[in-house]
Amino acid sequence: MKTFIKLSFIYFLLLPLKTYAVLDIKITQGIEEPIPIAVAIFGWSQASSVAPIDMSQIITADLTRSGRFDVMDVQDLPQSPTEFDAINFSDWRKLGMENIVIGNLVLTESGNYDVSFRLIDIYRKKQIAGFRIPAKPNLLRRVAHQISDIVFEKLTGIEGAFNTRVAYITVKKENKKKIHTLHIADADGYNIKKLVESSEPLLSPSWSYDGKKIAYVSFEGKSSSVFIQDILTGSRTRVSKFEGINSSPNWSPDGAHLALTLSKDGNTEIYIMDLTTKSLKRITKHDGIDTEPVWSPDGQKLVFTSDRSGSPQIYEVVIKNGTPKRLSFEGTYNARPRYSPDGKSITLVHSVGNSYHIAVLNLDNGYISVLTDGPLDESPSYAPNGSMVIYATTGRRGGQLAAISVDGRIKQRLGLHQGDVREPAWGPFLK
Amino acid sequence: MTIRLFFVIGLAMLLLGCSKDQVKEEEPVEVTDLNADSAVDSSEDGAQTFGAEDESSSAFSQLDDPQSPLSVRIIYFEYDSSEIRSDYRSTIEAHSLYLQQNPNTSITLEGHADERGSREYNLALGEQRAKTVKQQMLLLGANSSQIRLVSYGEERPASDGHDDASWQQNRRVEILY
């Protein structure tokens, strides 16, 4: 307990003062013709005091980070209108601006806020979207992300994924000991919460589909166990501690089952656990390695990694008494599959020689397209809108996170100021 | 080869030296409650016990002889392989014989992998390596109840580097008495 307090204190001291983000997200490559947009400074009802949050700054950062927008710098704005009628359309047109977001933040009598915003097409002088959202003080950041989601969807046609969270594991050395921590953070790197900290390895975080729980593997007690932790309360249960390996948890879409890898029967095999009864159903039966099960979005199939052919490759099995069918044929190494939200492709770790890349396997035609340069990329996970894949990459400074759009046109780097960061898992849409 | 052998022996001696007087404790794990912003004690009853340092001198045995094949405590593997190289035959024979002659002694075989590729696959690979060693030891006279397996996959590298030399050091099974 004492150690914990001390650690969090050190942790706090190490954070930069200006921002409390650990993950510093930078766009390293965007699309060639990003959409021009301006986000005006939001109006604030208590003009005598400073607004509790800079909504336009958060929305600007979200849209910029997506790589699909060219967002005007705040100091370049010719005006910051807060109402439709105050927009000087001809000034904006002269600057070649196509879209503008305007909005207001109002403190209500109850101490909560009313956030309103409008997305306006400058050339047509027409409102594309407009909403008023009531918000409690602690949810203002979330509302800003929801606004970003709406703007993103209206202008790109793709569902936004700004109002989502990412789980990841960090490892840092302190007094020659390694400290493993499972964190969650908002998709923009803010609002970091520590879920578990251990001197023994932690791995394989997996979100439940409702985003309320995380399953993970912990080596506390010098052997592997699978835990399920409630994100809000921090309470957790050990669901699997058999002899041998207990690992690779993955939630069923209905939240009632967990697929996992166990070696209790003498070899690594895939099982499905009924979370109510804790009963197990064995899915694979093979001498080789079978691991990394992941549920298809329709809940009917599992894909997994197996070396039954001599090298790790991806297999699919229909849960109702199916025989495993090999899916990947290109490359000497294909492992750690994750389904795209539409179930039409799988992202995985791919190698043809000495370098490991993030790739996408198209399930319609079996082709594998390589997304990243390697050499040591791993743990890919789709954003819930399917547009980006987040993954871990190893460089000279250790593990870092990065994200790439599925068409390879947009690249982001999610920097951590110290230590290793690994195993990102993008959570579901927040309700 | 000679240099390599000395390294292995040196490492084995080092490991022996450590294990003699180290009191191993289970490290506590902190679980954070996001509501209360405070830690929930994960241990069942909140109490933590400590043992006094073991001051009784340990008996000498042939394990301490650096010339003995028993002093080799690490078996290295090729990439993505759990096959035991023939040069480790005498090592495994010696440990099996020792276990057979000392039925009350037990060991842990700790399987490891290098960092390349996926973590979960490497966890399974580490276990397969440990399992292969165990199977050979059973064939050579050890009893199943004397051997515990654990795999750490790529999570506990012997060397933190990202190059061939480090990876070579990390693809291993450690024999822990």
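A residue is called buried if 20 or more other C-beta atoms lie within 10 Å of its own, exposed if 12 or fewer do, and partly exposed in between, with C-beta atoms placed from the backbone. By this criterion, buried residues account for 36% of the 177 residues of chain B. This is a predicted model, in which local features need pLDDT of at least 70 and side-chain atom pairs count only at pLDDT 80 or more, while totals for chains, interfaces and linings use all residues. Residues are numbered from 1 along each chain as its sequence is written, and chains are lettered from A and ligands numbered from 1 in the order in which they are written.

**Confidence**

- The predictor assigns the complex an ipTM of 0.89 and a pTM of 0.85.
- Chain B has a mean pLDDT (the predictor's confidence in each residue, from 0 to 100) of 78, and 64% of its residues reach 70 or more.
- Residues 1-25 of chain B stay under 50 in pLDDT; the model gives them 19 contacts beyond four places in sequence, a contact being two residues whose C-beta atoms, placed from the backbone, lie within 7 Å.
- In residues 35-44 of chain B the pLDDT is likewise below 50, and this stretch has 19 contacts in the model beyond near neighbours in sequence.

**Fold of chain B**

- Chain B contains 4 helices and 6 strands, taken as DSSP runs numbered from the N terminus (helices H or I, at least four residues; strands E, at least two).
- Read from the N terminus, the order of elements in chain B is α-β-β-β-α-β-α-β-α-β.
- Of the contacts in chain B between residues at least 6 apart in sequence, 71% join residues at least 24 apart.

**Helices H2 and H3 of chain B**

- The axes of H2(B) (residues 89-101) and H3(B) (residues 119-139) come within 9 Å and cross at roughly 60°; axes are lines fitted to C-alpha atoms, for helices over the stretch in contact, and angles run from 0 to 180 degrees between N-to-C directions.
- H2(B) contributes B:Ile92, B:His95, B:Ser96 and B:Leu99 to this contact, and H3(B) contributes B:Val133, B:Gln136 and B:Met137.

**Interface with chain A**

- The contact between the chains takes 30 residues from chain B and 47 residues from chain A.
- On the side of chain B that touches chain A, at least two residues each come from strand S1 (30-33), strand S2 (38-41), H3 and strand S5 (147-153).
- H3(B) gives the most to this side, with 8 residues.
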